[in-house]
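Please work through the following exercises with the sequence and the model at hand, and try each task before reading its solution.

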Amino acid sequence: MDSDGTRDARGTHANPVPRPTTPPEGGGVPPMPTAPPGAPPKPDGSTFLVWLRATRPEAAPGVWRFGHRPRPEQEPERIPARQLLSGALIAFLVGWLVWSLLWNGYLGGWWLLPLYLLVPESWTDPHSYGRVVLSYLWYAITVLVIMIVVGRLGRWGEVWRRYGPPAWSTAGPAAEAPPAPDQDPAEFPHLRAAGAHEAAERLAAEAKAGLMRDVDHARINRAWQGVRTGQHSLATFTGAVLQDGAAACLHPSGERDLPARHARHDLFTGQVRLGTTADDPRNPYHYRGAGLGLGPDLLGTSLLAVGPAGSGKTGAVVRPLAESLCLHALAGRASVVVVGASGAGLGPAEAYDVVVRIGHPESVYDLDLYGGTTDPDEAAAILAEALVGDLADPHPGSDSRRSTTVLAQLLGPFRAVHDRFPSVPELRQLLDGAPGPLAALRKGLTDTGHASLLRELDARERQMAHPGDVGTVLADRIALLDRPAFAAFFDTSGQSRPFSLKALDHPVRVRIDLPQRGHADASRILARLVLAQFTAAVTAREDRSLFACLLLDDASGVVTPEAVRGIQRLRSAGAGAVLTLRTLDDVPRPLRGPLLGATGCRMALSGLTPWDGQDFAEVWGKEWTETRDVTDRQIIAETPAGKAVHMLRRVITGQAPTARAVTVRQVERERWSASELAHGVPPGHAVLSLTTVQGEHAPPLLVDLRA
């Protein structure tokens with residue numbers, strides 16, 4: 001079954017073309033065909049209904065809930081096969097011996113006393129029919145009691161479950177009976193309970209007819225949430241559903257699904273499946289074998305994935321998450337910005353509403369250098385973080401206030417004169433201290449009556465005369481964007497179509513392709529710019545019910561003190577970020593601990609270095625475990641009988657008779673050591689810890705990203 005709950009209606013056999021019929025008498029026309037020639041058959045809604053009615057029990061964080069079967073918290077004790085079968089056989093022989101002794105009278109006749117008490121006087125004849133029936137019934141009861149006792153002692157039930165027909169069956173669970181109408185999600189009972197009976201009938205009919213898919217269901221539920229919160233009226237919602245059915249409340253793009261899907265999605269719970277939790281003793285028992293599913297409840301605490309090239313960061317983590325968030329955006333539940341190198345495989349352009357290809361001459365959209373703000377101070381802070389954020393003192397309490405002040409001294413006067421911010425070449429000239437542009441700006445301030453801003457310009461000119469002026473560094477950094485490849489970008493005159501992250505108030509899908517070949521430093525500046533604009537935009541939103549997420553593939557050189565503080569603020573703003581790194585060496589040493597602490601979900605992929613593993617081992621901490629020190633001392637039999645008993649024991653248990661001394665201790669050990677992370681994670685696997693926005697935690701789990 002497809003994860004979207006729809007069935008592919010494309011077939012290899014087309015419907016036969018209807019043959020022309022002879023017109024009936026009277027000159028009538030032949031009946032109109034019910035379908036055009038060659039049209040595929042209409043799908044039914046059985047596949048979608050199965051998806052919609054599937055069980056999704058409550059589970060621990062990160063468990064793929066679609067069709068999940070909960071397991072106990074603690075692993076039941078599993079007896080070795082040889083010991084189990086030997087014990088079952090010995091129990092059977094013991095029961096047979098007891099019955100033989102009873103039947104032959106070696107244990108007396110006491111077990112027949114209840115029979116004698118139950119037999120009436122009229123049945124004293126041993127050959128009477130009633131006495132014979134009652135006697136054999138009593139024998140059967142006695143044998144049954146013996147079998148129950150020895151069966152419990154020999155664990156026959158475990159033998160049956162492990163080796164009997166229950167273990168032979170490979171069929172899945174039996175199909176569940178259809179739920180009651182008031183509990184059937186396909187009948188939309190929550191709409192009926194609120195009085196929207198007509199809308200519920202229309203949606204139920206379209207669901208059963210195969211005209212609804214998982215994105216439609218999620219989108220309509222999102223619209224219904226707007227009705228419950230008072231954003232929309234019930235009459236407006238009902239009218240839209242009655243008019244358009246499952247296509248009501250469409251995304252502004254008009255799309256109802258992505259062109260293609262490469263991962264399994266369950267929009268009912270909002271999860272995307274990334275893999276399967278390995279059946280490993282280091283994983284908690286109730287996680288073993290369960291699917292790994294991530295959703296906005298986990299991404300809201302941000303995710304950091306670290307692994308070398310080829311470990312699966314982009315293909316197994318970033319792309320499925322981007323695909324899932326694009327589906328959420330089509331359902332009106334999220335907005336997503338995906339940033340990566342051009343050609344990184346982050347999904348086709350058709351899956352996005354806006355594709356900004358910086359440095360590519362055919363790019364339709366431009367990137368707003370100032371994030372869509374009109375406040376010079378805010379624009380200066382964002383631009384300073386992008387240009388020199390990595391040069392700030394790499395400690396959590398440091399910032400780039402000097403750079404912000406320098407930029408504000410130029411951006412404020414320029415906007416007052418020109419009613420816009422300077423372009424990249426103009427800003428470079430101002431930072432370089434070129435006499436012509438500064439003189440023209442001074443004259444413009446005087447002519448427009450902004451004499452108060454002349455003090456800002458005077459202060460900038462005084463600072464330029466001092467050695468160590470930060471304006472020189474800013475000019476060198478902005479020069480990286482003043483290249484011929486970027487000449488058509490970062491326009492501030494209004495002649496292009498700049499995209500601003502202020503649009504994250506809407507369910508928009510954005511992909512930003514960074515230039516890599518020959519422009520690595522410029523790409524890092526742009527990545528820091530997008531991260532700074534994202535954190536500033538999402539924290540200023542009024543409606544935070546729309547989840548916003550930034551996926552930054554390869555965050556090398558992006559993590560700064562201000563970036564860490566921004567990531568810490570995302571959780572309360574209804575937003576999250578996904579960052580990938582090849583190694584933690586790409587992050588300054590003082591910022592590694594704060595970065596790992598700011599992200600609630602941390603992933604260490606296979607191939608990690610031991611020094612990177614040490615940082616993960618420290619943040620995951622230690623746990624108390626119970627260890628047993630077992631000392632075995634072999635017992636030597638001196639008598640023939642003892643030797644026979646020891647031989648029988650060896651046959652049953654497969655071990656020599658020993659006297660065992662067990663010492664149980666509670667010790668504190670690392671959940672995952674640096675050595676285990678570096679050498680014990682198989683290829684295609686990762687170790688992942690999770691935290692939800694509600695504060696629930698999942699310990700580090702070994703996950704197979706290929707399953």
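Helices (H or I, at least four residues) and strands (E, at least two) are DSSP runs, numbered from the N terminus. The model is predicted, with local features needing pLDDT of at least 70 and side-chain atom pairs pLDDT 80 or more, while totals for chains, interfaces and linings use all residues. Residues are numbered from 1 along each chain as its sequence is written, and side-chain values use heavy atoms, leaving out hydrogens and water.

**Exercise 1.** Locate F188 and describe its backbone and its burial.

Solution. Begin with the loop between α6 (165-168) and α7 (189-193), where F188 is placed. Next, read the phi of F188, which is near 50°, a positive value in a residue other than glycine. Finally, F188 has a relative accessible area of 1% and is buried (under 20%; exposed is over 50%, partly exposed in between, with a 1.4 Å probe and protein chains only).

**Exercise 2.** Do likewise for C249.

Solution. C249 sits in the loop between α10 (234-244) and β1 (264-266). Its phi is near 55°, again positive in a residue other than glycine. With 32% relative accessibility, C249 is partly exposed.
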